[in-house]
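Student: Could you take me through this structure? Please begin with the terms we shall need.
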Amino acid sequence: MEISTANLPRCQGTRKDGSPCNAAPTARSGYQFCAWHQPDIPEEEKLAWASKGGLASRPAVLPEAADIRLRTPDGCMAILEETASQVRRGELATNVGNSIAYIVSVAVKVVEVTISDRLDKLEKLARNRWR
Ligand SMILES: [Zn+2]
């Protein structure tokens, strides 16, 4: 099966040569414009990105993002899936995605330790009961 990108939203801005931009639009712009053509980002900020090596260095964060819930495996999986999708769509910088993945991995370790402690207590209880 061939995957078509024809129906994906595209930036509605125009390039210097007058041609349509067609870059992937940001969620922050309501999928109307890419980060470069987003009207609510000041020109100085865009010029600062360009001088730091282009859009890849932009501070890609999601100010509207909901709080992350890491207390359940489902919560951890949900944030990993969401983050991976956001990085793939260019809505989130890869370093931010890596940071979130690391935080989730630490949360999983905490859950593992908690489960291990609870299992130890249960084993102790079971041993005492059968004595
Ligand atoms: Zn654009």
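Student: Is S105 buried or exposed, then?
Tutor: S105 has 11 other C-beta atoms within 10 Å, so it is exposed. Its C-alpha atom is separated by 9.8 Å from that of L80, a residue 25 positions away along the chain.

Student: How many helices and strands are there?
Tutor: The chain has three helices and zero strands. Along the sequence the pattern is α-α-α.

Student: What share of the chain is buried?
Tutor: Of the 131 residues, 8% count as buried. As for contacts with a separation of 6 or more, 28% of them are made by residues 24 or more positions apart.

Student: What about the span of α2?
Tutor: The 16 residues of α2 should span 22 Å at 1.5 Å a residue, and the end C-alpha atoms are 23 Å apart, which agrees. After α2 comes G90, with a positive phi near 80°.

Student: At what angle do α2 and α3 cross?
Tutor: The axes of α2 (residues 73-88) and α3 (residues 94-130) cross at roughly 170° and come within 10 Å. The two helices are therefore roughly antiparallel.

Student: Which residues meet there?
Tutor: From α2, C76, I79, L80, T83 and V87 take part; they meet T94, G97, I100, A101, V104, A107 and V108 in α3. By class, this contact of α2 with α3 has nine nonpolar residues, three polar ones and no charged ones.

Student: Why remark on that?
Tutor: Most residues other than glycine have a negative phi.

Student: How exposed are N22 and Y31?
Tutor: N22 is partly exposed, as 14 other C-beta atoms lie within 10 Å. Y31 is partly exposed too, with 16 other C-beta atoms within 10 Å.

Student: And T14, what is it in contact with?
Tutor: T14 lies in the segment before α1. Leaving aside neighbours within four places in sequence, T14 is in contact with S19, P20 and C21. T14 and H37 are 23 residues apart in sequence, with their C-alpha atoms 8.1 Å apart in space. With 12 other C-beta atoms within 10 Å, T14 is exposed.

Student: Where is confidence lowest, and where is it highest?
Tutor: Confidence is lowest in α1, with a mean of 77, and highest in α3, at 92. The chain averages a pLDDT of 83, and 86% of the residues score at least 70.

Student: And how should one treat the rest?
Tutor: Where pLDDT is low, the predicted coordinates should not be read in detail.

Key
Residues numbered from 1 in each chain as written. Predicted model: local features only at pLDDT ≥ 70, side-chain atom pairs only at ≥ 80, totals over all residues. Helix = DSSP H or I, 4+ residues; strand = E, 2+ residues; numbered from the N terminus. Buried ≥ 20, exposed ≤ 12 C-beta atoms within 10 Å, placed from the backbone. Contact = placed C-beta atoms within 7 Å. Axes fitted to C-alpha atoms, helices over the stretch in contact; angles between N-to-C directions. Parallel < 35°, antiparallel > 145°, perpendicular 65-115°, else oblique. Nonpolar A, V, L, I, M, F, W, Y, C, P; charged D, E, K, R; others polar. Expected span 1.5 Å × (residues − 1). pLDDT = per-residue confidence, 0-100.
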